[in-house]
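Q: I'm new to this structure and would like a close look at a single part. Could you walk me through the salt bridges and how buried their partners are?

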Amino acid sequence: MEKYQSKLLTDELLIELHYLPCLDYMAGLLQVGRVCLEAHEHYQKQSYRNRCYVLTANKVDVLTVPVRQGTRHQPIRELRIDNDQAWSAHHQRCLQAAYGKAPFFEYYWPELVSVYRRDWTFLFDLNVELLTICLKLLGAKPVINLTDCYEKIPESGLIDARSRVNPRGGAESYVFYSPAPYTQNFGVDFVPNLSIIDLLFCQGPAASEYLNR
């Protein structure tokens, strides 16, 4: 699939929900006025739906939300989080260690940590809440709707980006994002396309401008 132009030819994007989405995903959402979130797909393993990537002192680390009976045949809205695993506490510790000294951590962390302190049953609901907060922190206000049913071929006029943004490819597979270095919390080599929280904690209010250029 060819990379979409920086200014999309349509005003509405169809895409699935991700956990603390990467910059490629968020750049797409900021380019449109309306977003249609796929609410009737089947869960796909090894995707951004339940994982994100963050930069720690020693490496790029993956944070995964464990799910119960996660198969390709399970409707995404019925997918339950495996709360027998202490995933929330682990994610909080990792994010605090990775970004506790980042310039804008103290400004944005309270809203995010409030999510982790709540009990979540379904992955879909967790992802909706986190996406809502990330868009708020970016100052972005696209109209968000959920699909009524699954359509293999969506109606004309929608940019169908479902499953296009995924962790399997490199820079050549980015759909909306054109990497440009910004100051990160660790290391001297820039790491592109991490979770949106890396950009928010490190760049603060400039994050939205970075994604839009």
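A: Let's start with arginine 162, which is buried at a relative accessible area of 11% (buried means under 20% relative accessible area, exposed over 50%, partly exposed in between, with a 1.4 Å probe and protein chains only). Keep in mind that this is a predicted model, where local features need pLDDT of at least 70 and side-chain atom pairs count only at pLDDT 80 or more, while totals for chains, interfaces and linings use all residues. Residues are numbered from 1 along each chain as its sequence is written, and side-chain values use heavy atoms, with hydrogens and water left out.

The side chain of arginine 162 meets that of aspartate 160 in a salt bridge, 2.9 Å from N to O (that is, a side-chain nitrogen of Lys or Arg within 4 Å of a carboxyl oxygen of Asp or Glu). Aspartate 160 is partly exposed, at 22%. Arginine 162 also forms a salt bridge with glutamate 38, again with 2.9 Å from N to O. Arginine 162 sits in the loop between strand 6 (158-160) and helix 5 (196-203), and glutamate 38 in the loop between strand 2 and strand 3, so this pair ties together parts 124 residues apart in sequence (helices, H or I, of at least four residues and strands, E, of at least two are DSSP runs, numbered from the N terminus). Glutamate 38 is buried too.

Now for another pair: arginine 49 and glutamate 16 meet in a salt bridge at 3.8 Å, N to O. Arginine 49 is buried at 2% relative accessibility, and glutamate 16 is buried at 0%. Glu16 and Arg49 also belong to a salt-bridge network with Glu41. By this rule, the count comes to 8 salt bridges.
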